[in-house]
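Here is a short briefing to read alongside the model. Keep the viewer open and follow the topics in turn.

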Amino acid sequence: MEIEFEVCGEFIPLDRLLKAANLVGSGGEAHAAVEGGLVEVDGRVEARKRAKLRAGQRVSFAGTTIRLAGLPGD
């Protein structure tokens with residue numbers, strides 16, 4: 001499944017994105033997923049829990065791909 005997520009501002013931290021997209025229930029779950037090597041950003045495993053993600057990037061986790069989009073005017 002692929003979803004689009006609009007980034008408000010310059011970036012969103014990876015752990016917050018996973019929570020906001022309802023892919024995890026808590027920040028602890030997000031951190032565990034990243035530490036376990038289960039999250040990819042632009043096709044590569046991401047090890048930084050608070051990686052700054054920007055519009056145009058793709059995040060994959062648990063069979064879902066999140067395409068980050070910017071708000072008009074950003």
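Val 41 stands opposite Val 59 in β6, in a model that is predicted. Two bridges join β3 (residues 40–41) to β6, and the two strands run antiparallel.

- β6 has two faces: Val 59 and Phe 61 lie on the covered one, while Arg 58 and Ser 60 lie on the uncovered one.
- β6 also pairs with β7, in the antiparallel sense and over four bridges.
- Within that pairing, Phe 61 has Thr 64 of β7 as its bridge partner.
- The hairpin of β6 and β7 has two residues between the strands, and Ala 62 takes a positive phi there, near 50°.

**The nonpolar core**
- The largest nonpolar core holds 19 residues, and those touching the most other members are Leu 14, Leu 17, Leu 18, Val 39, Leu 53 and Val 59.
- Two or more residues of this core come from each of β1 (2–7), α1, α2, β6 and β7 (64–70).

- Leu 17 sits in helix α1 and counts as buried because its relative accessibility is 0%.
- Beyond its neighbours within four places in sequence, Leu 17 is in contact with Phe 5, Ile 12, Leu 53, Val 59, Ile 66 and Leu 68.
- If you want a distance to check in the viewer, the C-alpha atoms of Leu 17 and Arg 44 are separated by 17 Å, with the two residues 27 apart along the chain.
- Asp 15 is also placed in helix α1 (residues 14–20), and its relative accessibility of 9% is why Asp 15 counts as buried.
- With residues up to four places away in sequence not counted, Asp 15 touches Ala 30, His 31, Lys 49 and Arg 50.

**Helix α2**
- Which residues of helix α2 (residues 27–35) are buried? They are Ala 30, Ala 33 and Val 34.
- Seen down the axis of α2, these buried residues fall within an arc of 95°, so they line one face of the helix.
- After α2 comes Gly 37, with a positive phi near 75°.

Definitions and conventions: Residues numbered from 1 in each chain as written. Predicted model: local features only at pLDDT ≥ 70, side-chain atom pairs only at ≥ 80, totals over all residues. Heavy atoms only, no water. Buried < 20%, exposed > 50% of the residue type's maximum accessible area, 1.4 Å probe, protein only. Contact = heavy atoms within 4.5 Å. Arc of directions from axis to C-beta. Core = buried A, V, L, I, M, F, W, Y, C linked by side-chain atoms within 4.5 Å. Pairing = 2+ DSSP bridges.
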